[in-house]
Amino acid sequence: MTVNSAVSNQHGFKKVRLCMTNLIALYNEMASSVDERRGADVVYLDIVEASDTLSYNILVDKLMKYGLDKWTVRQFENWLSCQAQRVVISGTKHSWEPLTTGVHQWSVLGPVLFNVFINNLDDVAECALGKFADDTNLGEVADAPEGSSAIQRDLDGQEEWADSNFMKFDKGKCKCLYVGRNNPIYHYTIEANWLESSFAEKDLGLLVVTKLNMS
């Protein structure tokens, strides 16, 4: 399966793409800005239950747009249509219900299909973008209005992407980390809500603080 080069920004569920490669790809430019005594902003985004709310219909459309033949797409459709779940409480079993959304991360196909689904998230990004599974980060030098405007345009684009794909961002978990000594502290919005600022954020096991010290 071949998709466009934007998938290179995805570091989750991919061979030779690890937590470390994701961190280096995003923070290398941010660290250079701090060394030059410039301000930079890093925005941490979280999609609500991304793998569980992935729409089968939209996924199939994307598979077709990426050029897969009808027979291959039909195989994926058959696999997805076999998904069902039920609730068991104290031995009482409820009836099976077919699923129309979500892929299992522990399956073989699930992570691949998830990457395909969020691949075009890169199409709306001007800033440095890092993706590890459903964790998405934006970074940009923001000591001038041009940089902060680029970040806000990216946030607007991410919001439009989420709406068109029937997903939502967890606004309580979306934060902005202002790094560098000369950071003017611009404020950003997503889904009509101001992003909270943060002095430190945990990113794939590392605690990142405003001076870009990591532990």
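Arg-74 and Glu-77 sit three residues apart in helix α4 (residues 70-81), and are thus separated by about one helical turn. Helices here are DSSP runs of H or I with at least four residues, strands are runs of E with at least two, and both are numbered from the N terminus. The two side chains form a salt bridge, with their closest N and O atoms 3.5 Å apart; the term denotes a side-chain nitrogen of Lys or Arg within 4 Å of a carboxyl oxygen of Asp or Glu. Arg-74 is partly exposed at 48% relative accessibility, and Glu-77 is likewise partly exposed, at 32%. For these labels, buried means under 20% relative accessible area, exposed over 50%, and partly exposed in between (1.4 Å probe, protein chains only).

The model is a predicted one, in which local features need pLDDT of at least 70 and side-chain atom pairs count only at pLDDT 80 or more, while totals for chains, interfaces and linings use all residues. Residues are numbered from 1 along each chain as its sequence is written, and side-chain values use heavy atoms, leaving out hydrogens and water.

Over the whole structure, the search returns four salt bridges. One of them joins Asp-143 to Arg-38, with an N to O distance of 2.9 Å. Asp-143 belongs to the loop between β7 (135-141) and α6 (145-164), and Arg-38 to the loop between α1 (19-35) and β1 (40-46), so this pair ties together parts that are 105 residues apart in sequence.

Another salt bridge brings together the side chains of Glu-126 and Arg-153, at 2.6 Å from N to O. This pair links distant parts of the chain, since Glu-126 lies in the loop between α5 (109-118) and β6 (128-132) and Arg-153 in helix α6, 27 residues apart. Glu-126 counts as partly exposed at 49% relative accessibility, as does Arg-153 with a relative accessible area of 42%.

Eight of its ten residues are buried, so α5 is largely enclosed by the rest of the structure. The buried residues are Gly-110, Pro-111, Leu-113, Phe-114, Asn-115, Val-116, Phe-117 and Ile-118. They pack against α2 (50-53), α3 (56-65), α4, β6 and α6, where contact means heavy atoms within 4.5 Å.
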